[in-house]
Amino acid sequence: MTASASSLPSRTQSFSVVLAIELWERFGFYGMQGILLLYMIQRLGFSDTQANLLWGTFSAVCYAAPAVGGWVGDTLLGARRTMVMGAVVLTLGYVLLGVDLGGQMALFVALAVIALGNGLFKSNAANLVRRVYEGDDARIDVAFTIYYMSINVGSTLSLLLTPWLQEKYGWSPPFLVCAAGLALGVACYTLCRKWLARIGSRPDFEPLVFSRFMAVLGGMVLVLAVMVGLLRYPAAGRACVWVAALSVGVVWTLLYRRASAAVRPGLRLAYLLIVQTMLYFVFYQQMVTSLTLFALRDVDSAFTLGGVTLFHMSAGQFQALNPVWIMLASPLLSWVYKSMADRGWNFPIAEKFIVGFSLVSLSFLIWWWSAATGGNHLVSPWVMFWAYGALSIGELLISALGLAVVARYAPANVGGFMMGSYNVSNGVAMYLGSALANLAAVGPAVASGDPAQTLPVYAGLFRMLFLLGIGCTLLFVVCLPFTRRWDAQHRAAQAAAE
């Protein structure tokens, strides 16, 4: 019997299944992120420089891994199967952190497991969203913006919850809560997986090949051992970051040379916009590194209004301001995009990126001004609130649409790999961001001193980032004529193909 059209899952239902597991995956990842740098410094005794560089190496490995995970999903196991496998591996990684053995090697192993799980999960989840809305450019932008907004519900909850759990109950409970969130996400997928039954890559619709599955498991063990080595030895991690970046550049070049003339304008635009997104993540990485330590040492925890204390936020909890602002701004931006599309107004992604980088520059101007004028007093937490607002809205205009860039301009047959290479570029940028954060690294004696010693250090870093943001914005304005021409050529090629 053939199912009627009304009995088939809608796009919204298919999208909601991916959204649910992604929400809980982000709950776990950001819950860990909220306390991990502090765990390194306060629990394991790392210096600022050690903690920043380890976090940078972990970020790079974590974001480079989806390039391989996307290939596994595209060609070996299928996007759906690989996504679920990644969620299970991530759960194990958070459990290993929750055991809290207190040694550096235990930390390296746990982080390697998390990076491996992220590699299997991340690009395949995003690729499934692309496949749900394939061929509908306006809905792709809206879907990825909603996707970005909704997963920030999970990150907000965890960024507020895990630092509080750590302060009340120690280091183990918050990491175990992250694991529980992932387990719940897998359960949600299991219950509703039939809504995604018609969406996936080619291997999803074929019987699972046992030999391929075993080969993937063997590869996972090998990759895990390599990742532990990269995290343990900073020089090796740094070298691997650059090798990964070079490899992506080489593959991009080969893809472009083999692409047809009709596909090339879209690829050029995708490459340029991915590089622009990569530059954003240099700034984004400050939230986890320099801005968290700035909040720990130089920012008042009490939000007051009219002399009345409203609430307190710890250093780790300030990171929650990012997803809070994203949730506030996402519905408005989605409405703006849809309204413009309905009226036939074109607001190209390249122009959204320019506006986004202007806001990023504004955020670091606010942080620079507050640190430079703080004297020997703690900075008001409202500075963090408004600066995070500018940075987060900029993120919605850049990073959220970075996924849409791949979905719109990359050929479908390499969609998983392009999603993965997008993440590799972001991982390289995060490593660079951590290295920049070390310009504000301070020793234990200074860290325990008064703000008069640490504020000038952070002011210097924030000034440099503000000037870098202005430079990026101006550069993207110069590139605008090229992006407009390539977009028009891409649209013309699509119209001709139809």
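User: How many salt bridges does the count come to?
Analyst: Four salt bridges. The rule asks for a side-chain nitrogen of Lys or Arg within 4 Å of a carboxyl oxygen of Asp or Glu. This is a predicted model, so local features need pLDDT of at least 70, side-chain atom pairs count only at pLDDT 80 or more, and totals for chains, interfaces and linings use all residues. Residues are numbered from 1 along each chain as its sequence is written, and side-chain values use heavy atoms, with hydrogens and water left out.

User: Which side chain meets glutamate 22 in a salt bridge?
Analyst: That of arginine 26, at 3.8 Å from N to O. Both residues sit in helix H1, which covers residues 11-43. They are four residues apart, about one turn of the helix. Helices (H or I, at least four residues) and strands (E, at least two) are DSSP runs, numbered from the N terminus.

User: Is arginine 26 buried or exposed?
Analyst: Buried, with a relative accessible area of 2%. Glutamate 22 is buried too, at 3%. Buried means under 20% relative accessible area, exposed means over 50%, and partly exposed is in between (1.4 Å probe, protein chains only).

User: What does glutamate 351 form a salt bridge with?
Analyst: Arginine 484, and their closest N and O atoms are 2.9 Å apart. This pair links distant parts of the chain. Glutamate 351 is in helix H12 (residues 349-372), arginine 484 is in helix H16 (residues 451-497), and 133 residues separate them. Arginine 484 is partly exposed, at 46% relative accessible area.

User: Which residues do salt bridges with shared partners join into one network?
Analyst: Glu22, Glu25 and Arg26.

User: New topic. What about threonine 483: which helix is it found in?
Analyst: Helix H16. Threonine 483 is buried, with a relative accessible area of 4%. Leaving out residues up to four places away in sequence, threonine 483 touches Leu269, Leu272 and Ala350. Contact means heavy atoms within 4.5 Å.

User: On to strands. How many bridges join strand E1 to strand E2?
Analyst: Four. E1 is residues 302-305, E2 is residues 308-312, and the two run antiparallel. Two strands pair if DSSP finds at least two bridges between them. Phenylalanine 303 has phenylalanine 311 in E2 as its bridge partner.

User: What do E1 and E2 form?
Analyst: A hairpin, with two residues between the strands. Glycine 306 in the turn has a positive phi of about 65°.

User: How many residues are in the largest nonpolar core?
Analyst: It has 137 residues. Met32, Phe58, Leu107, Phe294, Trp367 and Phe462 have the most contacts inside this core. Domain 1 (9-232) and domain 2 (234-497) both give residues to the core, so it lies between them. The domain bounds come from an automatic or database domain assignment. A nonpolar core is a set of buried Ala, Val, Leu, Ile, Met, Phe, Trp, Tyr and Cys residues joined through side-chain atoms within 4.5 Å.

User: What does leucine 107 touch?
Analyst: Beyond residues up to four places away in sequence, leucine 107 touches Leu36, Tyr39, Met40, Leu44, Phe46, Leu54 and Leu97. There is also a second, separate core of six residues, including Leu333, Tyr337, Leu396 and Leu397.

User: Last topic. How many aromatic pairs does the structure hold?
Analyst: The structure holds 30. Rings of Phe, Tyr and Trp (its six-membered ring) pair if their centres lie within 6.5 Å. Planes under 30 degrees apart count as stacked, over 60 as edge-to-face, and the rest as tilted. Tryptophan 55 and phenylalanine 58 form a tilted pair, 5.4 Å centre to centre with 55° between the planes.

User: Why are tryptophan 55 and phenylalanine 58 separated by about one helical turn?
Analyst: Because they are three residues apart in helix H2 (residues 48-76). Tryptophan 55 is buried, at 1% relative accessible area. Phenylalanine 58 also counts as buried, at 1%.

User: What kind of aromatic pair do phenylalanine 303 and phenylalanine 318 form?
Analyst: A tilted one, with 6.0 Å centre to centre and 40° between the planes. Phenylalanine 303 lies in strand E1 and phenylalanine 318 in the loop between E2 and helix H11 (321-342), so the pair ties together parts 15 residues apart in sequence. Phenylalanine 303 is buried, at 1% relative accessible area. Phenylalanine 318 is buried as well, at 2%.
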